[in-house]
Amino acid sequence: MSVLLPQLYVVGAGPGDPELLTMKAYKILQTAQVILYDNLANKALLELAPQDCECIYVGKQPYGEYTPQERILELIKEKAFEKGRVIRLKGGDPYIFGRGFEEILFARTYGIETFYIPGISSMQAIGFEDIPLTHRSVSESIWVVTGTKKDGSLSADLKLAMQSNATVVIYMGMKKTADIALTYLEANKGDTPAAIVQHASLPHKKTVKGKVKDLQTMAEDAKITHPALIIIGPVVALNTI
């Protein structure tokens with residue numbers, strides 16, 4: 001395979017099920033010269049790449065082993081100029097708490113041509129568990145929050161989201177279940193329906209539903225850790241009506 005001009009494709013791998021990959025991502029993976037893939041991208045997708053494609057794991061296990069972001073950026077630059085087309089394959093959608101745009105901007109500073117291919121976000125996959133993100137006359141909006149900020153604290157946006165009737169979706173919040181529950185209790189909203197969903201599109205999925213005040217116990221009883229999504233709002237209880 002001839003070396004192309006240096007290119008970076010930041011590609012969303014979707015929520016886990018390989019069949020939920022977009023056609024655009026499917027086609028571009030078949031032309032990859034290097035794939036930098038993360039912990040949440042289904043490894044089956046690597047089989048789409050040409051035989052001579054170099055596949056490099058750059059995953060980040062939450063609260064565990066991880067490839068430093070600085071090293072990932074180094075690899076993007078190094079491999080793009082060495083081999084041409086680099087695919088940065090990320091779970092879900094790269095622009096939703098995925099640092100995808102950060103990598104795009106880095107590549108551009110070195111004159112690397114950049115492309116973005118969206119992926120189905122993990123929060124969309126919770127629909128498999130009969131939890132719609134919105135529902136007429138129940139939820140008029142969605143508020144997507146990070147559960148853990150860069151400094152390790154709970155996002156202050158959660159208190160703002162609680163003041164609306166939005167469906168609240170919390171990414172990276174499994175270490176903060178007690179704090180989230182307490183925040184709702186202090187606002188007299190402890191009985192708000194809540195769910196924790198893990199691997200929603202895969203056979204080994206786990207889901208637990210209850211009230212937000214019991215969030216920590218729900219996670220422990222169901223043995224759900226990270227990565228998982230926390231969904232809070234009346235939409236969680238719709239299938240019980």
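Tyrosine 95 is found in the loop between strand E4 (85–90) and helix H3 (100–109), where helices (H or I, at least four residues) and strands (E, at least two) are DSSP runs numbered from the N terminus. The model is predicted: local features need pLDDT of at least 70, side-chain atom pairs count only at pLDDT 80 or more, and totals for chains, interfaces and linings use all residues. Residues are numbered from 1 along each chain as its sequence is written, and side-chain values use heavy atoms, with hydrogens and water left out.

At 33% relative accessibility, tyrosine 95 counts as partly exposed; buried means under 20% relative accessible area, exposed over 50%, and partly exposed in between (1.4 Å probe, protein chains only). Together with Phe101 and Leu105, Tyr95 forms a nonpolar surface patch with about 270 Å² of accessible area. Such patches are made of residues with over 30% relative accessible area and no salt bridge, nonpolar side chains (Val, Leu, Ile, Met, Phe, Trp, Tyr) being joined within 5 Å and like charges within 9 Å. A salt bridge is a side-chain nitrogen of Lys or Arg within 4 Å of a carboxyl oxygen of Asp or Glu. Accessible areas come from the Shrake-Rupley method with a 1.4 Å probe, and for residues only the protein chains shown count as cover.

With residues up to four places away in sequence not counted, leucine 215 touches Thr177, Ile180, Ala181, Ala194, Ile196 and Ile230, contact meaning heavy atoms within 4.5 Å. Threonine 183, in helix H5, is buried at 11% relative accessible area. Neighbours within four places aside, threonine 183 is in contact with Leu154, Leu158, Lys159 and Met162.

The loop between H6 and E10 holds proline 227 and lysine 223. The peptide bond from histidine 226 to proline 227 is cis, with omega near -5 degrees. Lysine 223, although not a glycine, has a positive phi of about 55 degrees and is exposed, with a relative accessible area of 61%. Aspartate 130 lies in the loop between strand E5 (113–117) and strand E6 (142–146). Phi of aspartate 130 is also positive, near 60 degrees, and this residue is partly exposed at 47%.
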